[in-house]
Amino acid sequence: MELLPVGSVVLLEGGEKRLMIYGILQLNAEDESEYDYLGCLYPEGYINSDHTYMFNHKDIQKVEFIGFVDSEFQMFRSNLQNMLDQETLKK
């Protein structure tokens, strides 16, 4: 799995409203669960914390738009993948 960039617009399984990704590899402070993405409603954007959604890549039904990908994002994604691979090896 390759993580989608910030700005990507997705529809989740069973969802009726699209979400725009604005965070990658997020930690839920309430239960310390880790999620692949943090999203907000599209096209509204961020309204407040009551309208933010944490979800995983496997929850995505359809990718409507892929956000901006440049060399900086590619390096970021590569570094994240290396970090995740290292964590997997430790387990």
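A nonpolar core is a set of buried Ala, Val, Leu, Ile, Met, Phe, Trp, Tyr and Cys residues joined through side-chain atoms within 4.5 Å. Keep that in mind for the first stop; the model on screen is predicted.

**Stop 1: the core.** Select Val10, Tyr37, Phe55 and Ile60. These residues have the most contacts inside the largest nonpolar core, which has 14 residues. Next, colour strand 1 (9-12), strand 2, strand 3 and helix 1 (71-90): each of them supplies at least two residues of this core. Which strand gives the most to this core? Strand 2 does, with four residues.

Stop 2: Select Tyr22 and Tyr46 and look at their rings. The ring centres are 6.2 Å apart and the planes stand at 70°; over 60 degrees counts as edge-to-face, so this pair is edge-to-face. Tyr22 is in strand 2 (residues 19-27), while Tyr46 sits in the loop between strand 3 (34-41) and strand 4 (52-55). The two are 24 residues apart, and the pair links distant parts of the chain. Now show the surface over Tyr22: this residue is partly exposed, with a relative accessible area of 30%.

**Stop 3: Tyr37 and Phe55.** Go back to these two core residues and show their rings. The centres lie 5.4 Å apart and the planes are at 35°, so the pair is tilted. Tyr37 belongs to strand 3 and Phe55 to strand 4, so the pair ties together parts that are 18 residues apart in sequence. Is Tyr37 buried or exposed? Tyr37 counts as buried, at 0% relative accessibility. Phe55 is buried too, with a relative accessible area of 2%.

Notes:
Residues are numbered from 1 along each chain as its sequence is written. This is a predicted model: local features need pLDDT of at least 70, side-chain atom pairs count only at pLDDT 80 or more; totals for chains, interfaces and linings use all residues. Side-chain values use heavy atoms; hydrogens and water are left out. Rings of Phe, Tyr and Trp (its six-membered ring) pair if their centres lie within 6.5 Å; planes under 30 degrees apart count as stacked, over 60 as edge-to-face and the rest as tilted. Buried means under 20% relative accessible area, exposed over 50%, partly exposed in between (1.4 Å probe, protein chains only).
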